Amino acid sequence: MPDYSTQSLARLVQPDRVHRNLYTDPAIFALEMERIFERIWIYVGHESQVRNPGDFFATRIGTKPVVMSRHSDGRVYVVHNQCAHRGVQVVAEDSGNAQEFRCCYHGWSYHTDGRIKNIPLRHAYGARVDVNDPKLAMVQVPRVQSYRGFVFASLAPTGPSLEDFLGHIATSLDDMVDRAPDGEIEIAGGVFKHGYDGNWKLYLENLLDAAHPLFVHQSSIEAAKVQDDAVASDGSGEIAIRQMRQNGASYGFWESQVGIWTYPNGHAFLGDYHDDAKLVAAMKDPNFRDYIEALEAKKGKAEAQRILEVRRWNTNIYPNVSFMSQFQQFRVVHPISVDRTVVYTYNFRLKGAPERMFRNTIAFANVVNGTGSLVLTDDLETYGRVGVGLASAGAEWLNIARGADTDKPDAHNGRRGKNSTSEIYLRNMYEAWLQYMTGTKPGLAAAAE
Ligand code: FES
Ligand SMILES: [Fe+2]
């Protein structure tokens, strides 16, 4: 396995190209887990998943299994999902409510904040185990912080605050929550899980890629063009057809109507690429009109208008989240190995909004995130073909140059593309990647050579 020094990592990322090993080398993947996923803030879950004491949700930070739980003190904890006795995964369910976590092997049990509760045959250990030792536990992740209900955790005991890490991209999370008339959102409607044989970075890259829909999604674009708007009897047809048709927007549209904005630490968002102004569409849709009325009643007319005029499509919070506030889609990336990735996609319900808004959310999820979706399957096929193509070991470098000469500064300490087809989001992610991987990011511990 090659050994990567800081200098050799720096050679892999250049201003307009990156080395193919970044997608194929298991040694790079191992370093990414250590220097990115085990060091910076990682999205873990949403507070609505652990509303009541004893509620828990099992997930991963990078490749490390953890459990997010609400303890009897009302606080949210994230603990390693590992028994202090012989290392067994303690929580095997995805989620639930429990009085305690009990290991299946020899019955050691833990409080829902991870502390040891009971050890069978305790007397046989004498003074050799100290039940107050924080390491004799399902060990707590050192830093856990929530931003407007979104829970992030860091395996590093020190580092920048969550607010500093998020910077201006926090406004996309604000947009997600602000759209709820009651000012609160909750995960609802289950989860779609999909996997692909490709590197984790491909997913984040694709979600901000304005140049791909016209080609990758050609078959559903053409099928949608010949359908009637109301093709689905459950009323979801309009959303499905609208979305699939819009994927066929011309280059001219992407280059004149849509923007892309990038920020420090690898974060970015793509502008909304739908050409039907929301407020105009709202006048035609009584459910949306009811929603606007509910929003105005709770927030006032001016604030409701400000909220509805935020026009963002996908937002990436590097390195494991891509979400879309307009239809309340939230996707969490789980790296498995250098060439295997699993993505969990969730839906949020806007509290205080008419129920039809959530039906729209689900209808939209079925179009873009469902495992039987006519759109998602195209993207998954493409990720797999990246893997096949890279295995041929042809061109050594992958090009990320589009728009590099016309990128401009943004008012919020970021940079934006001249238009949405700029690959600035790739250059921005790789700039952050290199800073994380070499420990040159201010506030991060230097990476070991
Ligand atoms: S490994 Fe968990 S109780 Fe023995
Ligand atoms: Fe796509």
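## Close-up views of a predicted model

View 1. H212 sits in the loop between α6 (200–207) and α7 (213–216), while D379 belongs to helix α15 (residues 376–390); the pair links distant parts of the chain, 167 residues apart. Both H212 and D379 are buried.

**View 2. W108 meets Y125 edge-to-face.** This is one of the 21 aromatic pairs in the structure. The ring centres of W108 and Y125 are 6.0 Å apart and their planes stand at 85°, which is why the pair counts as edge-to-face. W108 lies in the loop between β8 (101–102) and β9 (109–110), and Y125 in the loop between β10 (116–118) and β11 (143–147), so the contact ties together parts that are 17 residues apart in sequence. Y125, with a relative accessible area of 25%, is partly exposed.

**View 3. W261 and F269 stack, and an arginine joins them at F269.** The aromatic pair of W261 and F269 is stacked, with 5.1 Å from centre to centre and 20° between the planes. Both of these residues, W261 and F269, are buried. Look next at R312: its charged end sits over the ring of F269, 4.0 Å from the ring centre.

View 4. Six residues, Y43, F150, F152, F323, F330 and F348, form one aromatic cluster. For another arginine placed over a ring, turn to R349, which lies over the face of F358 at 4.5 Å from the ring centre.

**View 5. The β5–β6 hairpin runs antiparallel.** Strand β5 (residues 64–70) and β6 are antiparallel and are joined by five bridges. Within this pairing, M68 stands opposite V78 of β6. Five residues separate the two strands of the hairpin, and G74 in the turn has a positive phi of about 85°. Strand β6 (residues 76–80) is mostly covered, with four of its five residues buried.

**View 6. A three-stranded open sheet includes β20.** The strands of this antiparallel open sheet come in the order β1-β2-β20. At the edges are β1 (13–14) and β20 (397–399), each of which pairs on one side only. Strand β2 (residues 17–19) pairs with β20 in the antiparallel sense through three bridges.

**View 7. The whole chain, for orientation.** Step back from the details and you will find 16 helices and 22 strands in the chain. A compact globule of 449 residues would have a radius of gyration near 22 Å, and the chain agrees with this at 23 Å. Along the principal axes, the C-alpha atoms fill a box of roughly 75 × 55 × 40 Å. Of the 449 residues, 53% count as buried.

Key
Residues are numbered from 1 along each chain as its sequence is written. Chains are lettered from A and ligands numbered from 1 in the order in which they are written. This is a predicted model: local features need pLDDT of at least 70, side-chain atom pairs count only at pLDDT 80 or more; totals for chains, interfaces and linings use all residues. Side-chain values use heavy atoms; hydrogens and water are left out. Rings of Phe, Tyr and Trp (its six-membered ring) pair if their centres lie within 6.5 Å; planes under 30 degrees apart count as stacked, over 60 as edge-to-face and the rest as tilted. Buried means under 20% relative accessible area, exposed over 50%, partly exposed in between (1.4 Å probe, protein chains only). A charge sits over a ring if NZ of Lys or CZ of Arg is within 6 Å of the ring centre and within 35 degrees of the ring normal. Two strands pair if DSSP finds at least two bridges between them. The radius of gyration is taken over C-alpha atoms; the globule rule is 2.2 Å times the number of residues to the power 0.38.
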